[in-house]
Amino acid sequence: RVRGLPDVERMWFDLRIDDLHTTETDMIAILPDEMLPDSVEFPEWLTVHASLLGTIKKPSVNTAITSDLGSIYLQARLDLDSLSESQGYDGSLKLNELQLGKLIGQPKTIGALTMEASIKGTGTSMNNIRASVKSTVHSIVYQDYSYENLELVGTIEKYLFSGKASMKDPNLDFDFEADADYNKDIPSYNLVLAVRNIDLQK
């Protein structure tokens, strides 16, 4: 449903995909050859549920993609109204058992990825951005070993960035902190890494 046309500024939309199902055969037939690299494996089947609601300045999207290669869930909201108290953006992404290696052509090296990430902030340029990001990698298979519990958090405010990463896996246990200042012609960095245990041969 769409209302308000032809005035784009006043347009309101409520668009939904309740159940779109496709197969590998369909995707190969539809997509141009340049988008079909030999190293990439397409899912045998894929189902999409999605909704797009709001206005040009205040859209929100909710999408769920499931397939035999894993699942992707995305929620996002954008508010570009300069007079709005909720101006800004926020979103969340969840991947469940996504066969990342097959999708990027490295199935022997990388396996399933399960993670979630979120972002919340305002501004889109270095002069006005203020945002925070958080991500948790619950598990990722690399060289037949499942690494678990990777935490990533970061904030950026104009030209200042601060971030932390940590992992509490039996074979990779570390903390990493990074601060960067891009206010001057020569950026400054402060990096601290503490490794408690590392064994990448597992």
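Reader: Why is Tyr 182 called partly exposed?

Author: This is a predicted model. In it, Tyr 182 has a relative accessibility of 36%. Buried needs under 20%, and exposed needs over 50%. Tyr 182, at 36%, falls in between, so it counts as partly exposed.

Reader: What makes Tyr 189 exposed?

Author: Its relative accessible area is 52%. The cut-off is over 50%, so Tyr 189 passes.

Reader: How many aromatic pairs does a search of the whole structure find?

Author: Two. One of them joins Tyr 145 and Tyr 147, with ring centres 4.6 Å apart and planes at 75 degrees. Centres must lie within 6.5 Å, so these rings pair. Planes over 60 degrees apart count as edge-to-face, so that is the label here. Tyr 182 and Tyr 189 form a pair too, with centres 5.9 Å apart and planes at 85 degrees. By the cut-offs of 6.5 Å and 60 degrees, this pair is therefore also edge-to-face.

Reader: How do you know whether Tyr 145 is buried or exposed?

Author: Its relative accessible area is 17%. That is under 20%, so Tyr 145 is buried. Tyr 147 has 7%, and is therefore buried as well.

Reader: What makes Asp 90 and Arg 77 a salt bridge?

Author: Their closest N and O atoms are 2.7 Å apart. The limit is within 4 Å, so the pair qualifies. Asp 90 lies in strand β6 (residues 88-99), and Arg 77 in strand β5 (residues 70-79). The bridge therefore ties together parts 13 residues apart in sequence. Asp 90 has a relative accessible area of 25%, and Arg 77 has 27%. Both values lie between 20% and 50%, so Asp 90 and Arg 77 are partly exposed.

Reader: How many salt bridges are there by this rule?

Author: The count is five. Among them is the bridge of Lys 168 with Asp 175, at 3.6 Å from N to O. That is within 4 Å, so it counts. Lys 168 is partly exposed at 45% relative accessible area, and Asp 175 is partly exposed at 27%.

Reader: What makes Arg 196 and Asp 173 a salt bridge?

Author: The N to O distance is 2.8 Å, and the limit is within 4 Å. Their pair links distant parts of the chain. Arg 196 sits in strand β12 (residues 188-198) and Asp 173 in strand β11 (residues 172-181), 23 residues apart. Asp 173 has 19% relative accessibility, which is under 20%, so it is buried. Arg 196 has 44%, so it is partly exposed. Lys 168, Asp 173, Asp 175 and Arg 196 are linked in a network of salt bridges.

Reader: Which residues form a nonpolar patch on the surface?

Author: Val 2, Leu 5, Val 8, Leu 15, Leu 52 and Ile 56. Together they have about 480 Å² of accessible area. Patch residues need over 30% relative accessible area; Leu 5 has 56%, so it clears that cut-off. Leu 5 is also over 50%, so it counts as exposed. Leu 5 is found in the loop between β1 (2-3) and β2 (12-23).

Reader: In which sense do strand β8 and strand β9 pair?

Author: Antiparallel. Strand β8 (residues 130-142) and strand β9 (residues 145-157) share 12 bridges. At least two bridges make a pair, so these strands qualify. Val 133 has Gly 154 in β9 as its bridge partner. In the hairpin of β8 and β9, Gln 143 takes a positive phi near 55 degrees.

Note on methods:
Residues numbered from 1 in each chain as written. Predicted model: local features only at pLDDT ≥ 70, side-chain atom pairs only at ≥ 80, totals over all residues. Heavy atoms only, no water. Salt bridge = Lys/Arg side-chain N within 4 Å of Asp/Glu carboxyl O. Helix = DSSP H or I, 4+ residues; strand = E, 2+ residues; numbered from the N terminus. Buried < 20%, exposed > 50% of the residue type's maximum accessible area, 1.4 Å probe, protein only. Patch = residues over 30% accessible without salt bridge, like charges linked within 9 Å, V, L, I, M, F, W, Y side chains within 5 Å. Areas by Shrake-Rupley, 256 points an atom, 1.4 Å probe, with all protein chains shown as cover. Phe/Tyr/Trp six-rings, centres within 6.5 Å; stacked < 30°, edge-to-face > 60°.
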